[in-house]
Amino acid sequence: MASEQLPVDGAAAAAASASGDEPFLGLLDVALLAVLIGGAAFYFLRSRKKEEEPVRSYSIQPTTVCTTASTDSSFIKKLKASGRSLVVFYGSQTGTGEEFAGRLAKEGIRYRLKGMVADPEECDMEELLQLKDIENSLAVFCLATYGEGDPTDNAMEFYEWITNGDVDLTGLNYAVFGLGNKTYEHYNKVAIYVDKRLEELGGNRVFELGLGDDDANIEDDFITWKDRFWPAVCDHFGIEGSGEEVLIRQYRLLEQPDVQPDRIYTGEIARLHSMENQRPPFDAKNPFLAPIRVNRELHKGGGRSCMHIELNIDGSKMRYDAGDHVAMYPINDKSLVEKLGQLCTADLDTVFSLINTDTDSSKKHPFPCPTTYRTALTHYLEITAIPRTHILKELAEYCTDETDKQLLRSMASLTPEGKEKYQSWIQDACRNVVHILEDIKSCKPPLDHVCELLPRLQPRYYSISSSAKLHPTDVHVTAVLVEYKTPTGRVNKGVATTYLKHKQPQEGGEEVKVPVFIRKSQFRLPTKPETPIIMVGPGTGLAPFRGFIQERQHLRDEGKTVGESVLYFGCRKRSEDYIYESELAEWVKKGTLNLKAAFSRDQEKKIYVQHLLEQDADLIWDVIGEKKGHFYICGDAKNMAVDVRNILTKILSTKGNMSEPDAVQYLKKMEAQKRYSADVWS
């Protein structure tokens with residue numbers, strides 16, 4: 001404003017002088033006055049701007065939890081700018097793939113390969129073609145297989161790019177480690193395919209494909225693989241390792257007592273205040289706070305608990321289909337959080353940030369910061385998980401007793417004795433980090449380092465047990481309370497189900513809410529309602545089929561023709577854990593459902609759904625062989641799903657007059673046609 005007024009003021013002074021009148025102020029006075037006014041105005045506006053826009057400091061500015069927060073998708077630029085040659089990409093659904101990628105990148109410095117971790121979803125993956133221009137460059141892929149042999153959400157685009165494209169990756173040095181579970185049909189399918197495909201596209205495999213089995217000991221698989229991986233890398237590039245491993249902190253602690261309360265994260269997943277100011281679209285980084293309308297017990301006895309929960313999603317704009325999953329962000333048990341704070345002699349209400357010591361990294365913080373230790377341990381960190389060996393190795397450094405230190409170091413080692421001790425003392429005994437610090441009393445790590453070491457608390461996924469055709473604004477969940485006694489005499493509790501158990505709505509009371517989002521699934525009813533279906537779902541495996549049957553009943557009520565719906569359900573005792581008994585009986589009465597139930601402990605000889613399937617070979621062949629119906633399995637992957645698949649193969653062989661290889665092929669064809677679907681867990 002001041003600069004705009006200067007010419008006017010000057011013109012007025014000149015006019016007064018020309019008229020012969022003595023001006024009140026001389027020209028010099030006017031000029032000085034204008035400068036003073038201008039200076040005052042500038043200072044005023046600058047001060048005001050400062051009040052409107054608070055000073056932003058990197059160290060205390062809250063950040064999102066995106067793994068790659070930078071808007072620049074060029075990983076090549078980042079590698080060149082920071083003198084790096086190793087990039088470790090991860091495809092992760094639960095965080096383990098990301099954790100392994102971080103450990104590999106961190107170790108690279110020992111072998112003169114400075115590394116960075118990258119999320120393929122946030123990168124321009126076509127830049128892989130340029131990676132060969134960087135000396136001694138290497139791309140490592142830590143890829144999990146998810147669902148029915150699918151890539152994880154964040155690796156989907158990359159997977160499709162190499163599948164459908166025909167790019168020339170000559171000169172690309174690469175290695176792949178896969179994360180899978182042998183109880184699933186498509187064990188490590190993604191990693192196996194990517195490893196093979198990169199070679200087909202001209203890439204140079206520096207080290208053999210590694211396969212981790214989460215059903216056994218994926219940690220052992222990983223450290224065994226990387227122990228052979230690094231010597232092969234050194235040999236390939238003609239470099240030498242720097243010897244003894246040096247433990248390096250990835251994040252530095254910054255305590256922030258002066259941060260304004262409204263700039264402190266209190267459990268939000270990404271956007272600050274997102275739980276107070278809810279706005280769609282709702283997803284993994286922006287969950288919807290869904291009120292719980294109903295939380296009732298389904299079991300009638302037996303000492304176990306199974307909850308039926310109804311979540312209200314009205315107004316969220318979230319849509320679901322029968323067969324989809326609802327994901328929920330739980331919080332850790334408050335007593336465990338308090339205990340961990342005490343064991344680390346920390347004030348849980350201290351406000352702090354953990355800041356990446358690698359300034360070039362796109363991941364500035366391991367979780368939303370600034371926050372308090374109480375919030376971090378309650379909302380952001382997996383404190384009940386079985387710690388992996390690298391955590392034990394770092395905790396050992398804080399032992400004042402040499403025996404304690406050697407115990408932890410031994411369990412973190414590759415020796416047969418160390419592996420055996422880790423298996424018995426950690427895994428079999430189900431010890432989490434709280435239990436370890438309780439039992440190894442001389443170990444007193446600083447809480448900020450514990451927060452750095454622990455993995456992120458992940459959302460828990462549940463098969464939706466309702467149909468949107470009947471309940472468009474409600475999502476139903478069927479969940480068994482997880483609670484068991486460990487060999488050490490402790491009682492371990494499931495994070496999510498314990499959290500849900502205490503979320504009881506009270507009539508006339510305040511709404512009880514949980515943060516959720518919907519994850520789409522391939523587990524779908526046939527597009528034609530007249531197609532017959534067979535469903536195998538013992539226990540809570542019944543959940544998605546309750547939605548399926550609701551939908552088919554709804555279609556029948558509308559006068560539509562619906563194919564036969566056969567359900568094989570199983571539980572221990574009819575009088576104790578027969579969930580949704582009255583609903584199932586009603587659907588049978590109406591002719592919508594053909595129910596086959598097995599109560600394993602209601603007679604001397606146990607009967608399971610597998611036995612009922614073997615008895616019904618003619619019915620099963622009629623539905624899937626003659627009428628081209630659909631077959632669904634939901635539940636335990638390790639035993640039940642494997643048994644059912646084997647029984648099905650046998651029925652196809654005998655009733656369909658096929659050889660065993662032909663029966664196996666027939667099943668694979670059914671999968672490809674989406675006529676055979678599994679929603680299983682281990």
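A charge counts as sitting over a ring if NZ of Lys or CZ of Arg is within 6 Å of the ring centre and within 35 degrees of the ring normal. Keep in mind that this is a predicted model.

With that in hand, look at R519. It lies over the face of Y461, at 3.6 Å from the ring centre. R431 does likewise with W425, at 3.8 Å from the ring centre.

Now ring on ring. How many aromatic pairs does the structure hold? There are 29. Take F523 and F545. Their ring centres are 5.9 Å apart and the planes meet at 40°, so this pair is tilted. It links distant parts of the chain, 22 residues apart. F523 is in the loop between β18 and β19, while F545 is in helix α16, residues 543–557. Buried or exposed? Both F523 and F545 are buried.

There is also a cluster. Ring pairs link F100, Y111, F177, F207, F222, W225, F229 and W230.

Next, the strands. β20, residues 565–571, runs parallel to β21, residues 594–599, and six bridges join them. Between β20 and β21 the chain passes through helix α17, residues 581–589, in a right-handed β-α-β crossover. Across the pairing, F569 stands opposite A597 in β21.

Last stop, R645, in helix α20, residues 637–655. Why does R645 count as buried? Because its relative accessibility is 10%, and the cut-off for buried is under 20%. Leaving out residues up to four places away in sequence, R645 touches E185, L667, K668, E671 and Y676.

Notes. Residues numbered from 1 in each chain as written. Predicted model: local features only at pLDDT ≥ 70, side-chain atom pairs only at ≥ 80, totals over all residues. Heavy atoms only, no water. Pairing = 2+ DSSP bridges. Helix = DSSP H or I, 4+ residues; strand = E, 2+ residues; numbered from the N terminus. Right-handed = clockwise from strand over helix to strand, strands pointing away. Buried < 20%, exposed > 50% of the residue type's maximum accessible area, 1.4 Å probe, protein only. Contact = heavy atoms within 4.5 Å. Phe/Tyr/Trp six-rings, centres within 6.5 Å; stacked < 30°, edge-to-face > 60°.
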